[in-house]
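Please open the structure in your viewer and keep the selection tool at hand. The stops below are to be visited in order.

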Amino acid sequence: MGFGLPWALAGLVAVAIPVIAHLLRRQKLPKQTLPTIAFLHRIHATRAARLRVVDMLLLITRALLVMALVLVAAAPYRVAQSSLLDRQHALAIVFDDSMSMAAIHEGKTLIERAADSSIEQLERLPEGSEVSVVLSGKPPRVWVRRRTDLEMAATVLDEIDPRSTRGDALCDAVRTAVELLLESELSDRRLLGLSDFAPGTRADECEWQTRGIRVVFETVSTPNPDNRRIASVEVLGERESGEGMRLEVEIAGTVTPTPQKIRLRQKGQETYETPVEAIDGGGGAVLTIPAGSTDAVVELRLDPDDVLPADNVRGVLLGSDTVHVLLVDGDPHPDPRKRETAFLSHALGVAPRSGRSCAVETLDAQDLSESAIIRSDVLVLANATLDEKWLPLIQRFVSGGGSLWITAGDRINPRAYGSVLRELLPGRYTATRMEARPVSLQSTALPELAQAKVQGRTPIAETALGAIVTARFSDGSPAMVEHRYRSGRVAMFATTVDDAWTDLPYQPVFVPFVLDTLSRLAGRTDHAVEPHSAVSLPGSTSSQRIQVVTPTGRTVDLAEADRVSFRDTGEIGAYRVLVNGVHGARFAFVVNAPPGESDLVTNGPPEEDGGVQTVASDISEGVEQPLAPWLLLFAIVLLFAELWLRQIRRR
């Protein structure tokens with residue numbers, strides 16, 4: 001038992017007031033002289049005896065009344081030993097299902113152990129209690145929302161993925177749980193958090209806005225965790241070179257005497273393996289991929305597995321250094337040397353093999369196909385006016401990160417470009433004109449362009465907001481205009497890329513000009529994502545089937561849509577995208593383990609602060625039960641008793 005305001009007990013001195021008043025009253029009893037002495041003596045004796053009893057009861061009543069009021073002011077309470085879950089209340093469980101909780105201890109993952117502990121707590125709840133479950137794996141999810149069906153809640157806990165690959169968002173999950181508890185009509189609200197409190201939870205950075213709700217944490221951890229992971233992979237060399245490509249792998253974590261290997265998987269098949277050499281703080285290995293490999297993405301696996309197998313796998317992109325260029329020839333000719341794209345093809349063929357290389361495909365405008373566009377990085381429309389039926393596909397291609405380069409010529413129709421591709425273009429083509437006197441090109445990045453002379457051009461007007469002019473004619477009008485359209489880029493060139501209107505293809509600067517334009521348009525896209533993140537991919541169409549092959553070999557057909565937000569990314573490793581059964585290198589991506597989830601050393605729950613409490617796994621504690629309401633009721637009863645005794649005394 002204790003008191004909230006113990007200093008108020010000093011008021012017990014006031015108990016002496018009714019005692020003193022009683023004693024003084026006894027000394028002032030009146031004396032009566034009556035003629036019938038014997039009769040009066042009998043009456044006085046009877047009345048005096050009754051008054052003594054009433055006065056004593058009044059004294060006791062008044063003393064108890066003063067004591068009760070003083071004790072009410074002191075806020076007394078009693079401490080009753082009680083479990084957190086032994087009476088009806090609203091309970092929210094914040095369940096950590098991040099990747100670090102997938103660590104294995106004694107044959108079970110920590111997620112399975114935390115689920116068993118949660119089910120035990122639910123079984124102890126009395127009927128009428130309300131339970132919510134919030135999973136703190138990134139992103140936080142409400143797994144159970146305010147249910148009184150405790151058996152159902154216990155069943156749902158068994159459905160949590162024990163091999164999770166998620167990051168951690170404990171702070172956000174606690175805030176979500178608090179909001180759920182505040183919605184409850186039950187006045188007793190508690191929050192139970194189960195986690196390993198590894199560094200990835202960042203629990204020490206959270207601001208616990210619990211709004212008076214008692215928060216209790218339980219630690220579920222792996223003692224002395226033995227874990228290693230593939231920390232990084234550096235890709236060296238080029239697939240076209242004679243030596244092929246080299247993968248330098250760094251292993252981090254605890255050193256083990258057991259021999260380890262790195263295995264290379266290509267298209268789901270194991271092709272190479274190499275031993276890991278132990279070094280301080282981990283190990284390292286080098287693998288070689290022979291020249292001519294057609295894979296855009298491969299997968300590495302560290303064997304044997306340890307307590308956390310998920311971070312022993314890593315996907316590696318190999319195709320990011322190749323730009324797939326589709327040249328659409330709008331002026332085909334039987335003689336390959338007279339084709340519109342002849343100089344472009346030659347320039348890309350003689351380009352030096354440094355930096356990103358180009359894989360070139362050439363099609364006539366009438367032979368254009370969906371599959372050719374989708375597997376490209378840059379689409380070049382060389383003096384080609386397309387039918388309106390290609391608009392949706394080209395829009396989808398550019399919106400998803402592809403790039404479009406349009407070059408002028410006598411076969412393009414400015415009005416058609418203005419109507420068919422008006423949303424994509426950084427400017428507007430006007431009527432073609434031939435110059436009486438040749439003009440030259442000017443560019444800050446390539447000053448040598450000034451050597452080229454241009455006799456014909458299709459001027460560009462009304463440049464879009466945010467468009468960039470990368471080259472001009474000597475009269476100041478735009479020659480090359482570029483801008484970003486959603487996730488892709490679009491460029492317009494006001495003259496030809498063959499020798500019909502300009503001598504640019506004969507100038508030494510032509511090859512650098514073409515490579516500079518293509519590399520700028522292609523850019524670089526980061527295809528490495530965290531688990532369960534969304535990846536934007538082209539959807540299937542009536543003639544185009546898009547499929548995703550996951551690291552475990554599952555094939556997922558994408559729905560028919562312009563773009564699909566693919567979210568089935570819970571597996572660690574390499575994802576391949578098939579376009580009508582053919583590998584689409586541009587869309588391949590990898591999912592790697594969250595970097596902070598491999599450290600399994602627990603930091604322990606946060607220190608007690610602002611209403612947050614840390615307790616042992618049995619979560620038992622003393623509960624303060626206030627006594628002031630009962631004492632106040634007792635004081636009211638004493639007050640009525642005192643009034644009743646005073647009425648009796650007057651009779």
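Begin by selecting Met67: at 33% relative accessibility it counts as partly exposed, a class that lies between buried (under 20% relative accessible area) and exposed (over 50%), with a 1.4 Å probe and protein chains only. Met67 lies in helix α2; helices (H or I, at least four residues) and strands (E, at least two) are DSSP runs, numbered from the N terminus. The model is predicted, so local features need pLDDT of at least 70 and side-chain atom pairs count only at pLDDT 80 or more, while totals for chains, interfaces and linings use all residues. Residues are numbered from 1 along each chain as its sequence is written, and side-chain values use heavy atoms, with hydrogens and water left out.

Now turn to the aromatic rings. Rings of Phe, Tyr and Trp (its six-membered ring) pair if their centres lie within 6.5 Å; planes under 30 degrees apart count as stacked, over 60 as edge-to-face and the rest as tilted. By this rule there are seven aromatic pairs. Select Tyr417 and Tyr429: their ring centres are 5.9 Å apart and their planes stand at 75 degrees, so the pair is edge-to-face. Tyr417 belongs to helix α9 (residues 414-420) and Tyr429 to strand β22 (residues 428-429), twelve residues apart. Both Tyr417 and Tyr429 are buried.

Continue to Phe566 and Phe589, an edge-to-face pair with 6.4 Å from centre to centre and 65 degrees between the planes. Phe566 lies in strand β33 (residues 563-566) and Phe589 in strand β36 (residues 589-591), so the pair ties together parts 23 residues apart in sequence. Phe566 and Phe589 are buried.

Then select Trp405, Phe493 and Phe513, which ring pairs link into a cluster.

Finally, select Gly253 in strand β11 (residues 245-253). Gly253 touches Asn227, Arg228, Gly281 and Gly282, not counting residues up to four places away in sequence; contact means heavy atoms within 4.5 Å.
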